[in-house]
Amino acid sequence: MKFKVPRGTQDILPSESWKWQKLERMIHEVCDLYRYEEIRTPMFEQTELFQRTVGDTTDIVTKEMYTFKDRGDRSMTLRPEGTAPVVRSFVENKMFGWPDQPVKLYYIEPMFRYERQQAGRYRQFVQFGTEAIGSADPAIDAEVIALALDVYKRAGLKDIKLVLNSLGDQVSRAAHRDALVEHFKPSISEFCADCQSRLEKNPLRILDCKVDREHPLMKTAPSLTDYLNDESRAYFDKLQQLLTAAGISFELDPNLVRGLDYYNHTAFEIMSAAEGFGAITTLCGGGRYNGLAEEIGGPSAPGIGFGMSIERLLLALEAESAELENDDALDIYVVSLGEAAKDRAFEVLQTLRAAGIRADMDYMDRKMKAQMKSADRLRAKWVAVIGEEEVERNIVQLKNMAEGTQQSVSADELVKNILAAGN
Ligand code: HAM
């Protein structure tokens with residue numbers, strides 16, 4: 001029997017994993033800069049958590065969740081997104097009582113959605129997300145957006161744009177909802193079955209439909225922007241003012257509704273404008289979710305956050321031909337010739353590593369030439385050669401690969417020599 005990696009998932013091999021490590025390190029740094037702290041939640045949660053928050057009528061909940069019964073007959077779901085679990089943890093761990101509010105959290109974790117496989121859409125993907133919970137100040141919205149953009153900038157992306165909308169508060173949304181029902185109702189039979197059932201349950205979702213995207217009524221649908229009450233409009237204006245002051249440019253898109261139900265007020269996406277990026281151009285999506293903590297039994301704790309997949313970030317870098325710099329060259333490769341030399345090489349290797357020098361050697365009893373080739377491939381800055389004579393005299397022949405120079409160095413002085421040369 002032959003086994004394959006499950007559809008929509010991928011093995012990340014060493015030729016790629018260094019990029020992941022690099023991006024993850026950079027993300028940790030940026031989050032630290034903004035004082036966001038890491039949270040790790042379980043990979044699965046009670047199914048009801050996602051039904052109540054992401055929403056019963058959304059694609060994610062109706063079509064895409066990996067749901068299973070555990071042996072205690074409880075319905076569990078592999079996490080399709082990170083916000084609901086983080087807010088669950090916020091409530092459960094009474095983070096609302098922590099002295100520093102808002103609580104600013106981030107995660108880099110795999111998410112699972114049973115989606116149709118295509119470029120940029122996976123069934124398991126890794127999402128970097130942030131959640132700032134406890135404040136309803138537009139400045140925190142601006143901060144979250146700035147953080148996401150900083151990550152892309154530091155990764156080397158240039159061709160990106162920020163798209164912004166306001167979904168308003170509950171009152172604005174209710175008025176808009178009624179207008180939508182009125183707009184679509186007379187022609188609802190022309191829409192897909194999903195949209196038909198969305199009409200009464202959640203008409204906003206119709207605007208997000210992938211099937212009926214081109215229907216003329218989509219373009220003429222009442223815009224949420226026109227239904228924003230004064231409070232919602234003031235909030236949105238303030239956010240725009242803060243972004244502008246920070247030199248962050250954006251486009252407004254009244255049709256940006258996002259695919260999850262918990263949003264209100266700010267909604268945003270960061271898209272790749274790079275040619276050749278493919279059909280899916282959204283790199284990052286986020287927004288405000290006042291009311292979510294209450295929805296799952298907590299106190300009032302307004303929040304905002306975003307999620308971005310590392311996979312799409314890598315695709316965007318590729319589309320822009322922006323190369324990450326691979327700085328994992330080996331410091332030193334130890335070439336050994338003969339049994340005694342190999343034993344010595346291993347000793348030397350461990351001394352080097354103990355001193356923080358990245359070192360490797362041959363374990364295949366290969367000839368000198370093959371070992372030198374390995375050293376080249378691994379871009380070793382130094383090569384130490386140990387033969388019979390070197391063992392006897394307790395020395396190594398140390399080659400500086402960039403300069404092409406060679407010198408005999410006492411084995412005990414090797415570490416000192418390399419450190420003195422600054423690796
Ligand atoms: P979302 O728009 O469902 O929002 O996903 C956010 C991001 O996750 C997308 O922009 C994309 O980068 C990535 N993503 C989603 N699905 C896939 C997939 N199948 N393959 C690869 N990447 C994917 C959320 O998940 C919200 N929890 C974001 C959020 C956090 N809102 C507030 N806080």
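Which side chains meet in a salt bridge with a distance of 2.8 Å, N to O? In this predicted model, the side chains are those of aspartate 194 and lysine 63, and the legends below begin with that pair.

**View 1. The salt bridge between aspartate 194 and lysine 63.** Aspartate 194 and lysine 63 meet through their side chains in a salt bridge of 2.8 Å, N to O.

View 2. The side chains of lysine 210 and aspartate 59 form a salt bridge at 3.8 Å, N to O. This pair links distant parts of the chain, since lysine 210 is in the loop between α7 (193-201) and α8 (216-219), whereas aspartate 59 is in helix α3 (residues 59-64), 151 residues apart. Lysine 210 is partly exposed, with a relative accessibility of 43%, while aspartate 59 counts as buried because its relative accessibility is 17%, below the 20% limit for that class. Asp59 and Lys210 also belong to a network of salt bridges that links them with Lys63, Asp194 and Arg198.

**View 3. The salt bridge between lysine 381 and aspartate 331.** Lysine 381 and aspartate 331 form a salt bridge in which the closest N and O atoms are 3.1 Å apart. Both residues are placed in loops, lysine 381 between α13 (368-377) and β14 (382-386) and aspartate 331 between α11 (310-319) and β12 (332-336), and the pair links distant parts of the chain, 50 residues apart. Lysine 381 is partly exposed, with a relative accessible area of 34%, whereas aspartate 331 is buried, with a relative accessibility of 2%. For the model, the count of salt bridges comes to 30.

View 4. A backbone N or O atom of tyrosine 122 lies 2.8 Å from a nitrogen atom of the ligand. Of the 660 Å² of accessible area that the ligand has on its own, the protein covers 96%.

**View 5. The shell of residues around the ligand.** There are 27 residues around the ligand, and those that come nearest are Glu81, Glu115, Glu131, Tyr263 and Leu283. By class, this shell is made up of 10 nonpolar, 10 polar and 7 charged residues. Strands β6 (124-133), β10 (282-288) and β11 (303-309) each supply at least two residues of the shell, and the largest share, 6 residues, comes from β10.

**View 6. A nonpolar patch on the surface.** Met43, Phe44 and Phe68 form a nonpolar patch on the surface, and together these residues have about 270 Å² of accessible area. Phenylalanine 44 is placed in strand β2 (residues 44-46), and this residue is partly exposed, with a relative accessible area of 42%.

Note on methods:
Residues numbered from 1 in each chain as written. Predicted model: local features only at pLDDT ≥ 70, side-chain atom pairs only at ≥ 80, totals over all residues. Heavy atoms only, no water. Patch = residues over 30% accessible without salt bridge, like charges linked within 9 Å, V, L, I, M, F, W, Y side chains within 5 Å. Areas by Shrake-Rupley, 256 points an atom, 1.4 Å probe, with all protein chains shown as cover. Salt bridge = Lys/Arg side-chain N within 4 Å of Asp/Glu carboxyl O. Helix = DSSP H or I, 4+ residues; strand = E, 2+ residues; numbered from the N terminus. Buried < 20%, exposed > 50% of the residue type's maximum accessible area, 1.4 Å probe, protein only. Near = heavy atom within 4 Å. Polar contact = N/O pair within 3.5 Å; in protein donor to acceptor, adjacent residues only side chain to side chain. Nonpolar A, V, L, I, M, F, W, Y, C, P; charged D, E, K, R; others polar.
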